[in-house]
Amino acid sequence: MAATSSNSERPQFIASTGNRSFSNAPLIENTDTDQIVVPDKTSWKNLFAYMGPGFLVSIAYIDPGNFETDLQSGAQYKYGLLWIILVASCAALIIQSLAANLGVVTGKHLAEHCRAEYPRVTNFILWVLAEISIVACDIPEVIGTAFALNMLFNIPIWIGVLLTGLSTLLLLALQQYGVRKLEFLIAFLVLTIAGCFFAELGYAKPDAAEVLNGLFVPQLKGSGATGLAISLLGAMVMPHNLFLHSALVLSRKIPRSVCGIKEACRFYMIESGFALMVAFLINVSVISVSGAVCNSADLNAEDQMNCTDLDLNKASFLLRNVLGSWSSKLFAVALLASGQSSTITGTYAGQYVMQGFLDLRLKPWLRNFLTRCLAIVPSLIVAVIGGSAGAGKLIIIASMILSFELPFALIPLLKFTSSKTKMGAYANSTAISAITWIIGSLLMAINVYYLISGFIKLLLHSHFKVLAVVFLGILGFSGMGLYLAGIAYLVFRKNKEATHLLALTTPESRQLANEQQGNASMYCLAREDIVSMQLPQRRSTEDFD
C-alpha cells in the first residue's frame, strides 16, 4: 500500500492521467499476460521477477569491440591493463544502477528526461550524438560476426558483413515469443560466451599470480598503453547502455509503494551486479588468454608477428596454432554469440533513443535495417579495401568514439539522478554523487588529455605545409573548445523540469508538483509505449482509458 504524506494525507507518489487523478497503480499500465508482474509483497523471491534487463545490458560489455581491445591489451601488455577492466566494471555497476533507478523512480527513461529538460537544439544534438554512439557500437558487432562466420565456415569477410544484417532480422523475429524468452536467450548466449572463454583459460593456463598482480596493481607502461586504456574504457562503459537500461526496467509491473520502489532499486542493482560480474570474468579471461599465448616462449616468427597487431581474425589463427583447433572454434562460437546478441540490444537502444528524444517510434525491423545500413556501409568499405587488418582498426576507432561521447549521456544521468525535483527521496546521496562525479570527471579528463596530446602529436609529426598545419590546428582546437563547452553546459546548467512521476517526500518537490499540476503534458503517463517496444503484442491506447 502506498505511503501517505504526514502533512497533507496525499499519496506518496503521483501519476496523473488525463483527468489528473491520483493512482496507486503500477508504473506500467498494461494487463497483457506477457507482462512481468512483481508481487506487492517483500520477499527475496521477487529477485527472479527482476532478472533479465541486466543480462541485456551486460552484452554491451562483452561485445566484439571489447574482445578486440582485450586481445590487443593482452598481446601488447600481457596482464598489465587488467586493472582497467576492474575499475571500469565497478564504475559500470554504479552507473548502470543509477540508470535503472532513474527509470524505476520516475517512470521515464533517460532520453525522455533529456527531451523534457533541454531546449530543442540541445535535445537534437544529444540525439545525434546518441545515434552516432549506437552506430559506433554497431560497427564492431557487424565486423565481429563477419569474423566469426569466416572462422567457422570460411566465408569472406565482406560477405559475412552482408549476412550479418539478415541474421539479425531472424533473431529479432524471436520477439513474438515474448520478452521473458528473449531475456532467457540473451542470458544463454552470455553464459555460452563465458563457457567458451573459461575453456580457453584451461588451454592457455595463464600464471595466476601475474593475473592477480595485473588486476590490483595499476600501471601504464609504454607509449600506447594510454590509448589502449581509453579504448578499454570506451568499450566497457557505452553511452547507449545508459539509455537502454533506464528503459528496460520499465518492462516490469512493480508496486509503487515506498517499499516497492526501494525493493526494485535494490534487486535491479543485485541483478546488474551478477550480470556484470559474469561480463567482468569474461573480459579478464580474454586478456589473460591473449597475454599468456602472445608471451609464450615457444611462439614461431609468424605468431609473434600476429601478436604485434592482433585483431579478432588473427586471434583465431593464433589460438589454433598455439592451443589447437578446438580453441579456435570455441573462440569463433563465443564471437558469433557476442555479435548476434549485441545487435539485438543495440536495436532496442536505438528504438528507445528515437522514441525518447524525438517522440518517434519505428518498427523494430525498420529501425534495425536503418542502423544496420549505417554500420554495414563503412564496415563493408573497410573490409573490401583494408581486409581484416583494416576492419580491426575500425573497431578500435569505434571504441574511442564511444569513450569521447560518453559524457553527453553520463552527465545528464548524473544530474537527473542527483536532483530531488526528479527523484525525490531517491536522489543520489552525497557520497554516491561524489563517487559518480569523480568517476565521470576522471574519464572526461583522460579523454580530453588524450585528444589534445594526440592531436598535437599529429600536427608536429605531419608532413603538411605550414599553412595547412596552422589551418588544421585552428580547426582542431576549435572543435576541442566546442567539445569542452558542451560538457561545461551540461555540467553547470540547472535542472528546470520536475518529473511527471515524482516522489513527494520534500517540501520543494511538493511545491513543484503543485505548480506543475495544471500542465497535463507533465503528467501524461503512457508507459504502454515502452511495453509495446519490448513485447510483440501491441495494444490500443483506448484499452487503458
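**Close-up views of helices in a predicted model**

**View 1. Helix H14 and the residue that follows it.** H14 is followed by Gly324, whose phi is positive, near 115°. The model is predicted, so that local features need pLDDT of at least 70 and side-chain atom pairs count only at pLDDT 80 or more, whereas totals for chains, interfaces and linings use all residues. Residues are numbered from 1 along each chain as its sequence is written, and side-chain values use heavy atoms, with hydrogens and water left out. Helices are DSSP runs of H or I with at least four residues, numbered from the N terminus. The twelve residues of H14 reach 16 Å from the first C-alpha to the last, close to the 16 Å expected at 1.5 Å a residue, the expected span being 1.5 Å times one less than the number of residues. Leu312, Asn313, Ala315, Ser316, Leu318, Leu319 and Leu323 are the buried residues of H14, where buried means under 20% relative accessible area with a 1.4 Å probe and protein chains only.

**View 2. The packing of H6 against H14.** The axes of helix H6 (residues 120–153) and helix H14 (residues 312–323) come within 9 Å and cross at roughly 30°; axes are lines fitted to C-alpha atoms over the stretch in contact, and angles run from 0 to 180 degrees between N-to-C directions. H6 and H14 are therefore roughly parallel to each other, a term for angles under 35 degrees. In this contact (heavy atoms within 4.5 Å), Gly144, Phe147, Asn150 and Met151 of H6 meet Leu312, Asn313 and Ser316 of H14.

**View 3. The packing of H5 against H17.** Helix H5 (residues 110–117) and helix H17 (residues 407–417) pack at an angle of about 80°, with their axes 11 Å apart. That makes H5 roughly perpendicular to H17, the term covering 65 to 115 degrees. Leu110, His113, Cys114 and Glu117 on the H5 side meet Ala409, Pro412, Leu413 and Phe416 on the H17 side.

**View 4. Helix H15 and its end.** For the 34 residues of helix H15 (residues 325–358), the span should be 50 Å at 1.5 Å a residue, and the end C-alpha atoms are 49 Å apart, which agrees. Because 27 of these 34 residues are buried, H15 is largely enclosed by the rest of the structure. Just after H15, Asp359 takes a positive phi of about 55°.

**View 5. Helix H12.** The 37 residues of helix H12 (residues 258–294) should span 54 Å at 1.5 Å a residue, in agreement with end C-alpha atoms 54 Å apart. Of the 37 residues of H12, 28 are buried, so this helix is largely enclosed by the rest of the structure.

Note on methods:
Helices (H or I, at least four residues) and strands (E, at least two) are DSSP runs, numbered from the N terminus. Buried means under 20% relative accessible area, exposed over 50%, partly exposed in between (1.4 Å probe, protein chains only). Angles under 35 degrees count as roughly parallel, over 145 as roughly antiparallel, 65 to 115 as roughly perpendicular and the rest as oblique.
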